Amino acid sequence: MSFPDLQSFMKLLDERGELLRVSTPVSRELEITEIADRLVKKGGPALLFENVQGSPFPLAIGLLGTPERVALSLGLPDLDALAVRVRDLIDLSGAKGLGGMLSQLPKLRDAMNLPPRRVKKAASQEVVWRGDQIDLGKIPVLKCWPLDGGPFVTLPLVITKDPETGERNMGMYRMQVMGPKETGMHWQRHKTGARHLEKARNLGRRLEVAVALGGDPALIYAATAPLPPIPGLDEFALAGFLRGQRYPLVRGITVDLDVPANAEFILEGYIDPQEDWKTEGPFGDHTGFYTLPELYPRFHVTAITMRRNPVYPATIVGRPPMEDAYLIEASERLFLPAAQLILPELSDYHMPPAGVAHNLVFASIKKRFPGEGYKTANGLFGLGQMMFAKVIVVLDDGVPVNNFSEVWKVVAQKAQPGRDTLTTRGPTDALDHSSRGWSYGGKLIIDATSKLPEELGSGVGSRQGQNDGQGGGEAAFVPHASTDLPTFEGVLGQRQTADGYWYVALNKTRAGQAQELAAAFAAHPAAAGVRHLLICDEQTDVQNEQDVWWTILNNIDPERDLQVLGHLLAWDGARKLPEEGFVRPWPPKINMDKSVMDKVDARWHLYGLSEQWR
């Protein structure tokens with residue numbers, strides 16, 4: 001089942017009781033964020049705000065806020081079915097003779113659905129604003145978090161064309177509204193849009209840009225997918241494959257670009273590469289931390305086109321889990337078959353929400369030879385946007401990679417710090433605030449597979465006594481949680497888990513404090529049953545496993561901040577200070593203002609929402 005546009009998908013959600021309408025007036029500044037954040041974190045329904053103050057347009061949010069809704073939007077029973085469909089498509093070889101080729105026709109028909117088709121009339125151009133009619137303030141763009149630099153378009157489908165080759169690209173890049181006809185364009189150095197802009201600069205011309213808001217769910221998902229650089233494969237082709245029919249495009253009104261015929265709004269305009277860049281941000285980002293102000297290109301709007309009765313689609317990002325986690329899960333399933341073509345030992349992989357996509361990857365393998373865990377991890381580092389991964393944990397086939405707690409239990413049992421951990425370096429996400437340099441830093445591989453004799457250190461070459469400390473003279477690790485824990489300067493909370501982890505919240509006030517704590521705690525008798533000491537910042541809830549790992553993974557450069565202390569691996573996830581040689585600004589965590597939370601609590605009965613979502 002495919003959807004012709006976003007509103008048809010919303011209609012189905014409404015019929016299924018998965019879209020709640022809020023008719024009472026609400027503010028686009030923080031209030032909608034607080035309401036939507038509560039529902040998405042509880043797996044609640046999507047929301048349609050019918051009366052957004054200062055705008056004539058309704059706002060929909062959380063439409064893809066559960067794995068089930070993402071699968072539904074793509075016409076699938078579940079997200080695993082996406083991998084099955086892709087695996088069937090890429091297995092076009094091996095058909096011999098006429099009969100074999102005829103058996104492949106259904107697959108070939110899927111492949112032929114990839115190219116988009118041009119139409120002459122489009123719902124997305126039923127209404128056109130030009131000149132003085134253009135006013136981005138009339139669209140209910142959200143200010144999501146208290147420290148945000150202004151309102152941000154959070155679900156834009158940004159379309160550009162390579163000035164030299166004409167190759168089309170669509171990506172999702174946040175856009176800060178800076179005036180009635182101007183926004184920022186958050187193109188990081190690795191993004192295709194940034195390359196297109198640089199080519200336009202070299203050619204001495206403006207770069208035309210179109211921004212679609214809405215379209216059917218397959219297109220919204222496709223804009224987030226990390227497509228490989230294959231000629232002829234773009235986001236519209238992917239959307240066509242997902243929806244089972246060629247994607248309808250129409251020529252822009254003021255730009256020489258094809259735009260989605262079924263979008264809710266289209267913003268047309270240009271970026272002048274000769275123009276000075278403008279300060280953008282702060283922005284409460286998908287990492288759960290604020291991205292601090294930086295200079296970015298300016299997008300100038302030359303026309304706004306729309307449906308007669310459009311709905312503005314939005315999302316929020318911030319502390320996980322958020323809606324983007326389920327789009328990432330769809331990408332996992334979509335690209336698993338392709339990854340397995342390159343890494344045939346790969347059974348499965350998962351990027352947990354606590355790792356905000358690029359900080360943590362769990363991968364399971366069918367292990368055949370010594371070192372294959374490292375081979376797989378390094379192979380993953382070389383696959384497209386997987387290059388941004390910070391920590392990769394490799395596990396045996398059969399370990400459930402989507403069971404967060406179980407994975408870390410296996411890690412404590414099967415990965416000995418030092419012997420089975422390896423740090424390296426490479427590119428990091430531009431939003432990583434803790435790396436040694438901007439978009440460059442350390443990485444960690446943890447080999448939590450069952451060990452072969454050659455991997456055990458002592459007894460190398462022997463075929464006796466394998467499997468993780470059950471032989472070779474190494475005693476098996478026995479986790480033990482102690483309640484008699486030591487004190488240390490700045491420690492606000494701590495606990496040990498039954499599977500070998502020690503969580504510490506530290507109020508760091510001086511250089512070297514975390515390293516001293518690690519040395520003291522590693523030498524204490526309470527460390528006997530611990531494999532991993534996780535030192536977090538003062539805002540971390542040590543009773544919450546997800547909060548601990550989210551903080552750790554954001555706040556470490558593995559090469560700099562991990563230390564093997566005997567049998568224990570210490571992770572320094574405390575704030576880094578200038579006195580320690582860290583000169584980049586350290587961003588705050590995203591927190592909603594208490595006054596806004598209190599306001600939403602007081603108005604909850606007016607929204608008409610169930611108490612279960614409060």
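Guide: The discussion below takes up a pair of helices, a loop residue and a sheet. Please note that this is a predicted model.

Visitor: How is the packing of two helices described?

Guide: Two packed helices are described by the angle between their axes and the distance between those axes. Here, helix 8 (residues 217-224) packs against helix 9 (residues 235-243) at about 135°, and their axes are 8 Å apart. The two helices are therefore oblique to each other, and their crossing is right-handed.

Visitor: Which residues of helix 8 and helix 9 meet?

Guide: Helix 8 contributes Ala 218, Leu 219, Tyr 221, Ala 222 and Ala 223, which meet Glu 235, Phe 236, Leu 238, Ala 239, Leu 242 and Arg 243 of helix 9. Nine residues of this contact are nonpolar, two are charged and none is polar.

Visitor: What does Leu 233 contact, apart from its neighbours within four places in sequence?

Guide: Leu 233 lies in the loop between helix 8 and helix 9. With those neighbours left aside, Leu 233 touches Leu 227, Pro 228 and Leu 238. Leu 233 has a relative accessible area of 24%, so it is partly exposed, as the buried class requires a value under 20%.

Visitor: What is the order of the strands in the open sheet?

Guide: The four strands follow the order 1-2-3-20, with mixed pairing. Strand 1 (19-22) and strand 20 (312-314) are the edges, each pairing on one side only. Strand 3 (residues 59-61) and strand 20 run parallel and are joined by three bridges; Ala 60 has Pro 313 in strand 20 as its bridge partner.

Note on methods
Residues numbered from 1 in each chain as written. Predicted model: local features only at pLDDT ≥ 70, side-chain atom pairs only at ≥ 80, totals over all residues. Heavy atoms only, no water. Axes fitted to C-alpha atoms, helices over the stretch in contact; angles between N-to-C directions. Parallel < 35°, antiparallel > 145°, perpendicular 65-115°, else oblique. Left-handed = near helix turned anticlockwise from the far one by under 90°. Contact = heavy atoms within 4.5 Å. Nonpolar A, V, L, I, M, F, W, Y, C, P; charged D, E, K, R; others polar. Buried < 20%, exposed > 50% of the residue type's maximum accessible area, 1.4 Å probe, protein only. Pairing = 2+ DSSP bridges.
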